[in-house]
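Trainee: I would like to go through this model step by step. Where should we begin?

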Amino acid sequence: ISLEVSDAEASLKSITELISANGGYLSGSSRYGQDDQLYVSATFRVPATNFDSVMSALREQGDVLSEDVSSYEVTMQLVDLEARLKNLRASETAFLALLDRASSVSDIVAVQAELSRVQGDIEAFEAQRAALADQVEMSSINVSLTLPVSPVDAASGDFDLGYEISNALANLINVGRAVITAAINIVVIGIP
């Protein structure tokens with residue numbers, strides 16, 4: 001959501017307090033410019049259950065310039081990870097049983113190597129599952145705060161005096177060429 005506010009610093013503080021009151025937190029922010037050209041951007045994480053109420057409250061923090069809401073479905077990824085974890089745990093159990101029955105050092109080393117690989121995969125998939133669970137439980141909200149544009153800045157826009165003078169000279173040359181071409185045509189056609 002992009003908001004136009006009268007005081008970016010005070011608005012950021014107010015929004016941070018609003019997010020905290022709803023169980024969220026500030027996960028990152030940036031700012032550039034200064035004084036009346038200050039631009040602040042912040043990313044917040046809020047519980048997904050509070051998303052709608054937080055967005056509604058954010059709309060009241062300033063004039064909404066733009067808003068974009070999207071979601072990313074992770075259900076299939078979560079189902080896939082659960083299936084992989086189930087298979088890896090079954091493999092871990094089988095390797096542990098093999099380790100108990102292994103009699104030679106080479107068998108023990110081979111089984112332990114495979115067991116370590118499987119346990120590493122289990123840890124990696126459990127970390128992915130935790131990250132997906134966090135995505136399901138928490139929503140990200142990106143807030144951009146800008147100050148109102150002054151009427152003088154709005155009126156001048158992207159006015160460039162040098163470009164305007166150059167453009168006027170180019171128009172003068174084009175008109176002059178057209179007048180000279182017309183005069184030549186009149187003389188050439190008028191004489192016969």
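Mentor: Begin with terms: helices (H or I, at least four residues) and strands (E, at least two) are DSSP runs, numbered from the N terminus, and two strands pair if DSSP finds at least two bridges between them. This is a predicted model, in which local features need pLDDT of at least 70, side-chain atom pairs count only at pLDDT 80 or more, and totals for chains, interfaces and linings use all residues. Residues are numbered from 1 along each chain as its sequence is written, and side-chain values use heavy atoms, with hydrogens and water left out.

Trainee: Which residue of β5 does Ser41 stand opposite?

Mentor: β3 (residues 39-47) pairs with β5 (residues 138-146) in the antiparallel sense over nine bridges. Across that pairing, the residue opposite Ser41 is Ser144.

Trainee: And which residue stands opposite Ser41 of β3 on the β2 side?

Mentor: β2 (residues 25-32) and β3 are antiparallel, with seven bridges. They form a hairpin with six residues between them, and Gly33 in the turn has a positive phi of about 85°. The residue opposite Ser41 is Ser30.

Trainee: Is Ser139 buried or exposed?

Mentor: Ser139 is found in β5. It touches Phe44, Arg45, Val46, Ala48 and Phe51, leaving aside residues up to four places away in sequence; contact means heavy atoms within 4.5 Å. Buried means under 20% relative accessible area, exposed over 50%, and partly exposed in between (1.4 Å probe, protein chains only). Because its relative accessibility is 17%, Ser139 counts as buried.

Trainee: Which element gives the largest share of the lining of the largest pocket?

Mentor: A pocket is an open set of points on a 1 Å grid over the protein atoms alone, where a 1.4 Å probe fits, with protein on both sides within 12 Å along at least five of seven lines; lining residues have an atom within 4 Å of a point. The largest pocket is lined by 22 residues, and Ser70, Ser71, Tyr72, Ser139 and Ser140 lie nearest its centre. Elements giving two or more residues to this lining are α2 (51-59), α4 (105-137) and β5. The largest share, five residues, comes from β5.

Trainee: How far apart are the end C-alpha atoms of α4?

Mentor: The buried residues of α4, among them Val111, Leu115 and Phe125, pack against α3 (75-101). The expected span of a helix is 1.5 Å times one less than its number of residues. For the 33 residues of α4 that should be 48 Å, which agrees with the distance in the model, 47 Å.
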